[in-house]
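Open your viewer and keep the selection panel handy. We will go from one stop to the next, selecting as we go.

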Amino acid sequence: VIGTGLVKELRARGHHVFEVDISHHEGEVGWEQVMSKVKATYCRCDVSDYRQLERVFEKFGKFDYVFHAAAEFGRWNGEDFYEQVWRSNAVGTKNVIRLQEKLRFKLIMFSSSE
(Lines give C-alpha, C1' and ligand atoms only; values in the text may rest on other atoms or scores of the structure.)
Protein backbone atom coordinates (compact mmCIF):
# COMPACT_ATOMS: atom_id res chain seq x y z
CA VAL A 1 0.00 0.00 0.00
CA ILE A 2 2.75 2.46 0.92
CA GLY A 3 4.92 1.31 -1.97
CA THR A 4 2.33 2.02 -4.68
CA GLY A 5 2.06 5.69 -3.78
CA LEU A 6 5.79 6.01 -3.27
CA VAL A 7 6.58 4.55 -6.71
CA LYS A 8 4.08 6.89 -8.37
CA GLU A 9 5.56 9.93 -6.62
CA LEU A 10 9.20 9.01 -7.31
CA ARG A 11 8.46 8.40 -11.00
CA ALA A 12 6.58 11.70 -11.21
CA ARG A 13 9.74 13.38 -9.92
CA GLY A 14 11.78 11.76 -12.70
CA HIS A 15 13.48 8.96 -10.76
CA HIS A 16 14.09 5.52 -12.25
CA VAL A 17 12.28 3.07 -9.98
CA PHE A 18 12.64 -0.69 -9.91
CA GLU A 19 10.07 -2.56 -7.80
CA VAL A 20 9.91 -5.97 -6.17
CA ASP A 21 6.87 -7.65 -4.67
CA ILE A 22 5.67 -11.15 -3.95
CA SER A 23 3.02 -11.00 -6.71
CA HIS A 24 3.31 -11.01 -10.49
CA HIS A 25 2.91 -7.59 -12.21
CA GLU A 26 3.18 -5.86 -15.58
CA GLY A 27 6.75 -5.00 -16.56
CA GLU A 28 8.06 -8.06 -14.74
CA VAL A 29 11.32 -9.66 -15.66
CA GLY A 30 11.80 -13.35 -15.04
CA TRP A 31 14.97 -15.14 -14.11
CA GLU A 32 14.95 -17.69 -16.89
CA GLN A 33 12.60 -16.13 -19.43
CA VAL A 34 11.31 -12.74 -20.52
CA MET A 35 7.95 -12.05 -18.93
CA SER A 36 7.26 -8.71 -20.61
CA LYS A 37 8.30 -6.82 -23.75
CA VAL A 38 8.64 -3.49 -21.92
CA LYS A 39 11.77 -2.32 -20.09
CA ALA A 40 12.11 -4.21 -16.81
CA THR A 41 10.76 -2.19 -13.92
CA TYR A 42 9.64 -5.04 -11.67
CA CYS A 43 10.49 -8.54 -10.56
CA ARG A 44 8.76 -10.98 -8.27
CA CYS A 45 10.68 -11.52 -5.06
CA ASP A 46 9.91 -12.77 -1.57
CA VAL A 47 12.03 -10.69 0.82
CA SER A 48 11.96 -13.49 3.37
CA ASP A 49 14.12 -15.55 0.98
CA TYR A 50 17.64 -14.06 1.13
CA ARG A 51 18.75 -15.64 -2.15
CA GLN A 52 15.79 -14.21 -4.09
CA LEU A 53 16.53 -10.75 -2.74
CA GLU A 54 20.26 -11.04 -3.36
CA ARG A 55 19.58 -12.09 -6.95
CA VAL A 56 17.68 -8.83 -7.56
CA PHE A 57 20.80 -6.87 -6.62
CA GLU A 58 23.08 -9.12 -8.67
CA LYS A 59 20.97 -8.94 -11.82
CA PHE A 60 19.81 -5.33 -11.77
CA GLY A 61 22.95 -3.65 -10.56
CA LYS A 62 23.75 -1.00 -8.03
CA PHE A 63 20.87 0.87 -6.41
CA ASP A 64 21.47 4.25 -4.81
CA TYR A 65 18.48 4.02 -2.49
CA VAL A 66 16.35 1.12 -1.32
CA PHE A 67 12.95 1.83 0.17
CA HIS A 68 11.91 -1.19 2.22
CA ALA A 69 8.14 -1.26 2.62
CA ALA A 70 7.51 -5.00 2.24
CA ALA A 71 5.33 -6.34 5.03
CA GLU A 72 2.28 -8.32 5.93
CA PHE A 73 -0.16 -6.34 8.02
CA GLY A 74 -3.57 -6.56 9.60
CA ARG A 75 -5.01 -8.20 12.65
CA TRP A 76 -6.33 -11.19 10.68
CA ASN A 77 -2.89 -11.88 9.22
CA GLY A 78 -1.23 -11.47 12.59
CA GLU A 79 -3.57 -13.87 14.35
CA ASP A 80 -4.27 -16.45 11.65
CA PHE A 81 -1.09 -16.34 9.56
CA TYR A 82 1.52 -15.58 12.19
CA GLU A 83 4.31 -17.55 10.53
CA GLN A 84 3.92 -15.67 7.22
CA VAL A 85 3.87 -12.34 9.04
CA TRP A 86 7.08 -13.32 10.86
CA ARG A 87 8.83 -14.41 7.65
CA SER A 88 7.82 -11.32 5.71
CA ASN A 89 8.28 -8.69 8.40
CA ALA A 90 11.09 -9.92 10.64
CA VAL A 91 13.11 -12.24 8.39
CA GLY A 92 12.53 -10.02 5.32
CA THR A 93 13.76 -6.93 7.15
CA LYS A 94 16.80 -8.84 8.43
CA ASN A 95 17.60 -9.88 4.84
CA VAL A 96 17.35 -6.29 3.57
CA ILE A 97 19.62 -5.09 6.38
CA ARG A 98 22.16 -7.86 5.65
CA LEU A 99 22.31 -6.77 2.00
CA GLN A 100 22.60 -3.11 3.02
CA GLU A 101 25.60 -3.99 5.19
CA LYS A 102 27.15 -5.89 2.29
CA LEU A 103 26.37 -3.47 -0.56
CA ARG A 104 26.27 -0.14 1.32
CA PHE A 105 23.19 1.37 -0.40
CA LYS A 106 21.17 4.01 1.40
CA LEU A 107 18.25 2.29 3.13
CA ILE A 108 14.92 3.87 3.94
CA MET A 109 12.57 1.57 5.83
CA PHE A 110 8.87 2.01 6.45
CA SER A 111 7.06 0.44 9.35
CA SER A 112 3.44 0.77 10.30
CA SER A 113 0.71 -0.85 12.30
CA GLU A 114 -3.07 -0.92 12.13
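Select Tyr-65 and look across to Lys-106 in β4, which stands opposite Tyr-65. This is a predicted model, in which local features need pLDDT of at least 70 and side-chain atom pairs count only at pLDDT 80 or more, while totals for chains, interfaces and linings use all residues. Residues are numbered from 1 along each chain as its sequence is written, and side-chain values use heavy atoms, with hydrogens and water left out.

Now widen the selection to strands β3 (residues 65–68) and β4 (residues 106–109); strands here are DSSP runs of E with at least two residues, helices runs of H or I with at least four, numbered from the N terminus. The two strands run parallel, joined by four bridges (pairing takes at least two DSSP bridges). On β3, Val-66 and His-68 form the covered face, and Tyr-65 and Phe-67 the uncovered one.

Next, pick Asn-95 in helix α4 (residues 82–103). Is Asn-95 buried or exposed? Its relative accessibility is 2%, so Asn-95 counts as buried (under 20% relative accessible area; exposed is over 50%, partly exposed in between, with a 1.4 Å probe and protein chains only). Beyond neighbours within four places in sequence, Asn-95 is in contact (heavy atoms within 4.5 Å) with Val-47, Ser-48, Asp-49, Tyr-50 and Leu-53.
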